[in-house]
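Please have the model open as you read.

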Amino acid sequence: MNSLPSIDLALLTRDDGPLNDSVRNAINSQVGVRLNVHRVVGRPLVGDASRIATIARTRNEAVRRSRSDFLMFLDDDVVLAKDCISRLHHGLIARSNYGAFAADYLGESSAHRQSRHVAMGATLFRLSAVQRDPFRWEPGKCECLCRCEDIRRRGARIDYLNGAKAWHLSPKHSRGCCEVGDSSSAESSLGSYNPDAIKNAKVLVAFNRRDVHRFQNVFLRTLRAAGNHQEVIVVGYGLYPSEIDRIQRLPNVRFIRRPYNGQLPPVRRLVDFRDIVSGLPAETPAAYWDAGDVLFQGRLDALWQHTQQYPDRVLAVREPRGFPFNNAIRGWTRTIHNPSMRRRVFELFASNPFLNSGFGAATARTLTQYFGEAIRLRDNALRGTTDWGDQTALNLYCHSDPTRWMEVPEDWNYCVHDRQRGEVRVTPDGRVVDRSGHLIPVVHGNARSLTQFAIVR
């Protein structure tokens with residue numbers, strides 16, 4: 001007998017065309033729940049006064065179809081983290097005073113106050129909370145805000161749930177139903193996108209002699225083969241003149257020479273990357289990856305768009321395993337010299353997603369702020385940590401203030417190590433795919449896992 005909780009998922013779409021692969025794969029990858037998926041098409045009718053009226057009517061149709069105790073609304077331009085629905089369900093089970101919890105896919109939530117408007121594009125309801133009153137709208141108020149007011153009027157609560165993650169697709173892929181917030185549309189909340197951002201984006205990478213071969217023959221080769229032609233800014237530590245000459249001859253690669261001093265690149269790059277991005281125009285999209293164990297299988301256009309949509313946030317990806325299964329959390333925090341800081345850092349890392357520092361993306365302005373603060377954290381609050389790089393600094397920076405960062409799909413830095421058997425595989429033609437066969441755009445072979453897969457030597 002299946003003991004997983006049964007949840008109705010109402011997938012709201014404008015039409016009955018093919019779903020975006022990322023949305024479909026995310027639904028199929030949900031863990032800890034059993035989903036009954038209903039596709040509800042929101043076609044406008046003659047009597048609909050506005051697009052919002054169409055959305056409200058479509059949501060009411062989804063309520064009528066639901067038979068489970070819980071109903072999940074999902075717009076077809078929203079991608080769920082694999083544990084998103086399970087987290088929302090656990091939140092409702094643990095807090096009986098809540099009628100609904102949502103994943104914040106638009107970046108609206110605040111750590112310091114209740115969210116007046118909760119977007120319905122990734123929201124789990126108790127069915128009883130949506131059966132009492134129909135979805136409605138008013139001039140100047142979307143159906144999301146009206147639903148929030150109706151739930152609260154009846155004495156229940158609704159809010160975003162910290163830790164439940166979802167992402168809104170870029171505008172060019174977006175076909176979702178709910179596009180109106182309480183004071184601005186979802187489209188405007190994404191910010192205006194500058195098409196030149198893709199062309200002007202920068203890829204940062206830092207390495208020593210050990211990874212010269214892997215940078216040129218794996219990192220850069222696959223980056224270009226996947227259609228990414230942005231400038232790559234290389235910081236090389238202790239490279240031989242012949243190696244420097246070879247890299248400087250590569251098209252659209254800028255090389256910065258640094259002497260070898262015994263420090264590992266994940267530590268040294270904080271200073272060098274800060275100096276680089278501080279000299280770029282403030283809104284320039286930029287991202288960095290580890291040089292020796294990353295290969296690219298897809299275009300980065302959507303990532304550059306994300307940096308423009310959320311210009312004040314560092315975009316980061318979580319490790320496959322967090323506390324208590326990731327030994328680095330306890331090992332790297334227990335040696336911090338200051339006892340009170342040691343406790344605080346451990347509590348933050350143990351109660352939040354553990355972010356992988358092999359990748360980060362943001363505007364040049366936001367990365368400048370991050371790198372500067374990360375340097376200060378390593379020199380002060382994190383003094384004594386046995387972390388060999390910048391991972392504790394990234395996690396402390398982000399989790400000290402949730403408004404500083406945003407979790408993005410793991411596809412942008414898919415860590416191969418520490419995954420269950422079958423979760424990632426290599427096809428006969430050499431492509432790296434996940435369990436559902438989805439081609440992973442950026443593969444991170446942390447802990448030399450690409451070598452174990454015989455992908456990189």
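The points below take the basis of the model, then a helix pair, then the aromatic rings.

1. This is a predicted model, in which local features need pLDDT of at least 70, side-chain atom pairs count only at pLDDT 80 or more, and totals for chains, interfaces and linings use all residues. Residues are numbered from 1 along each chain as its sequence is written, and side-chain values use heavy atoms, with hydrogens and water left out.

2. Helix α14 (residues 364-379) packs on helix α15 (residues 391-400) at about 115°, the axes being 9 Å apart. The two are therefore roughly perpendicular (65 to 115 degrees). On the α14 side, Gln369, Tyr370, Glu373, Ala374, Leu377 and Arg378 meet Ala393, Leu394, Leu396 and Tyr397 of α15 (contact is heavy atoms within 4.5 Å).

3. There are 17 aromatic pairs in the structure (ring centres within 6.5 Å). One of them joins Phe125 and Phe135, edge-to-face with 6.2 Å between centres and 85° between planes (edge-to-face is over 60 degrees). Phe125 sits in strand β6 and Phe135 in the loop between α4 and α5, so the pair ties together parts ten residues apart in sequence. Both Phe125 and Phe135 are buried (under 20% relative accessible area, 1.4 Å probe, protein chains only).

4. Phe323 and Phe346 are also edge-to-face, with centres 5.2 Å apart and planes at 90°. The pair ties together parts 23 residues apart in sequence, with Phe346 in helix α13. Phe323 counts as partly exposed at 31% relative accessibility, as does Phe346 at 23% (partly exposed is between buried and exposed, the latter over 50%).

5. Finally, have a look at the aromatic cluster formed by Phe207, Phe215, Phe219, Trp289, Phe296 and Phe359.

Notes: Axes are lines fitted to C-alpha atoms, for helices over the stretch in contact, and angles run from 0 to 180 degrees between N-to-C directions. Helices (H or I, at least four residues) and strands (E, at least two) are DSSP runs, numbered from the N terminus. Angles under 35 degrees count as roughly parallel, over 145 as roughly antiparallel, 65 to 115 as roughly perpendicular and the rest as oblique. Rings of Phe, Tyr and Trp (its six-membered ring) pair if their centres lie within 6.5 Å; planes under 30 degrees apart count as stacked, over 60 as edge-to-face and the rest as tilted.
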